[in-house]
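I'd like to walk you through how some of its pieces sit against each other.

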Amino acid sequence: MSEKTIPYKIYLSENEIPKYWYNLNAAMKEKHDPFLNPATLKPCTKEELCQVFCKECVDQELDTTNLYIEIPQEIRDFYRMYRPSPLVRAYCLEKALGTPAKIYYKFEGNNTSGSHKLNSAVAQAYYAKKQGLKSITTETGAGQWGTALSMASAYFGLDLTVFMVKVSSEQKPHRREVMRTYGAKVIASPSETTEAGRKILREFPGTGGSLGCAISEAVEKAMTTDSCRYVLGSVLDHVLLHQTVIGQECKVAMEKYGIEPDMIIGCCGGGSNFGGLIAPFMGDKIAGKNNIDFIGVEPASCPSLTRGKYAYDFCDSAKITPLARMYTLGCDFMPAPNHAGGLRYHGMSPVVSKLYHDGLIRAKTVEQTKVFEAAEQFARIEGILPAPESSHAIRVAIDEALKCKETGEAKTILFGLTGTGYFDMTSYKQFNDGTMTDFIPTDDDLKQGFESIPDIAVNK
């Protein structure tokens, strides 16, 4: 098909919003190892998981057989407020780079929350309401998940407590106020409001916190509050499942115009947006239908895939959550207080970790200043101010396009633009002022985190 027939933005109709989520776990020939009960070190039962999470989410978490899981009509009705999201051909960026590569991005920032996080937030809030719960708790790093869940909780009439990583709360007070405007109670983590928070503050006085810390507090709050459950914005299989609306819309839009991606790139913190973007394409790769190069991009300051260990580890700093086998830096790892925001988690999704371990995806790390160079270049050329997290994918997409310029290859590149950066102006200011620095942990820096990984024997 002629390039001239491909518009700048490819929109689907409301009728093409996916009716089913794509269960990548079912498509994988080898499943990831099960979650373990921290007390018994035996696989978690449904009953044990239901003490922490909503029942329907647990059912989805444990489903390894159904390739498609129906999206309830109430959730699809909510999706209609902002989905389908556009698939954009970055013609201006291609021209500026002078590359023969064809660059596309799936833009998930065109909703009020400003990111892809709303795709799972509305699902989990819906299931909590359906279960008859009165309240839910969560953590948030950059604040995008907390914002999205605040919106969804208000829509379904649920009380919400958000434990926001302290350094992000300080850097992004306006994001905190958006959550409060939607009715959420926001607590900077670690805090004095939970035993987990008090313990972390004793061990790490003055810490800026981490997602692992915030998860500990949110889980404790949920388990000590009547009619309450904990909901998570990334990492877990059911969260990745909800994000597959992204990849499915991409696939339909590309097939309409005869576009076949050679490379799909996404930022990686916990892994849900990357997993959701690649899911249907990865299912085809596993079935031998394509040979796409999948690249997950993580910050050099928190390199769980590229420098972590593939092992069972706690998902939180207080060691009260189930253990997951994943690529991890150790639950005691305290990331540098930089602006990678939501990518500052010590571990990676079990699904994404298994795909990486089996060689089905690649991973790259990028330094913060290079990320912001790409972010500003993209903003000036394509007109969207990207979130710092999303800009990790932009950085590698630009690098790969420039490689095509050198080799003359006209590769088709797709990347996920997960959200906007309009609440990240503190970090943009630091970059513009020339005060932003890079931090790459040394082996000694990583050692403390690795020492916290439990010694649990697993098959290779």
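So, helix H6 passes helix H7 in a right-handed crossing. Helices (H or I, at least four residues) and strands (E, at least two) are DSSP runs, numbered from the N terminus.

Before I go on: this is a predicted model, where local features need pLDDT of at least 70 and side-chain atom pairs count only at pLDDT 80 or more, while totals for chains, interfaces and linings use all residues. Residues are numbered from 1 along each chain as its sequence is written, and side-chain values use heavy atoms, with hydrogens and water left out.

Back to our helices. H6 covers residues 118-130, and its axis comes within 8 Å of the H7 axis, crossing at roughly 40 degrees. An axis here is a line fitted to C-alpha atoms, for helices over the stretch in contact, and angles run from 0 to 180 degrees between N-to-C directions. Who's touching whom? On the H6 side we have, among them, Leu118, Val122 and Tyr126, and H7 brings residues including Trp145, Leu149 and Phe156. Contact means heavy atoms within 4.5 Å. By class, that contact has eleven nonpolar, three polar and one charged residues. For the classes, Ala, Val, Leu, Ile, Met, Phe, Trp, Tyr, Cys and Pro count as nonpolar, Asp, Glu, Lys and Arg as charged, and the others, Gly among them, as polar.

H7 (residues 144-156) has another partner, helix H9 (residues 173-181): their axes come within 8 Å and cross at roughly 15 degrees. That's why we call H7 and H9 roughly parallel to each other. The cut-offs are under 35 degrees for roughly parallel, over 145 for roughly antiparallel, 65 to 115 for roughly perpendicular, and oblique for the rest. This crossing is left-handed. Gln144, Gly146, Thr147 and Ser150 of H7 meet Arg175, Val178 and Met179 of H9, and those residues divide into two nonpolar, four polar and one charged.

Now the sheet. Which order do its strands take? Four strands go E8-E7-E6-E9 in an open sheet, and the pairing is parallel. Two strands pair if DSSP finds at least two bridges between them. At the edges sit E8 (185-189) and E9 (228-230), each pairing on one side only. Neighbouring strands are turned by 20 degrees against each other on average, direction ignored. E6 (residues 135-140) is joined to E9 by three bridges, and Thr137 has Tyr230 in E9 as its bridge partner. Helix H11 (residues 211-223) lies across E6, E7, E8 and E9, at about 170 degrees to E6.

On to aromatics: there are 17 aromatic pairs in the structure. Rings of Phe, Tyr and Trp (its six-membered ring) pair if their centres lie within 6.5 Å; planes under 30 degrees apart are stacked, over 60 edge-to-face, and the rest tilted. Take Tyr327 and Tyr356: their ring centres are 5.1 Å apart and the planes sit at 75 degrees, so that's edge-to-face. Tyr327 is in strand E13 and Tyr356 in helix H16, so the pair ties together parts 29 residues apart in sequence.

Pro190 is in the loop between E8 and helix H10.

Note on methods:
Left-handed = near helix turned anticlockwise from the far one by under 90°.
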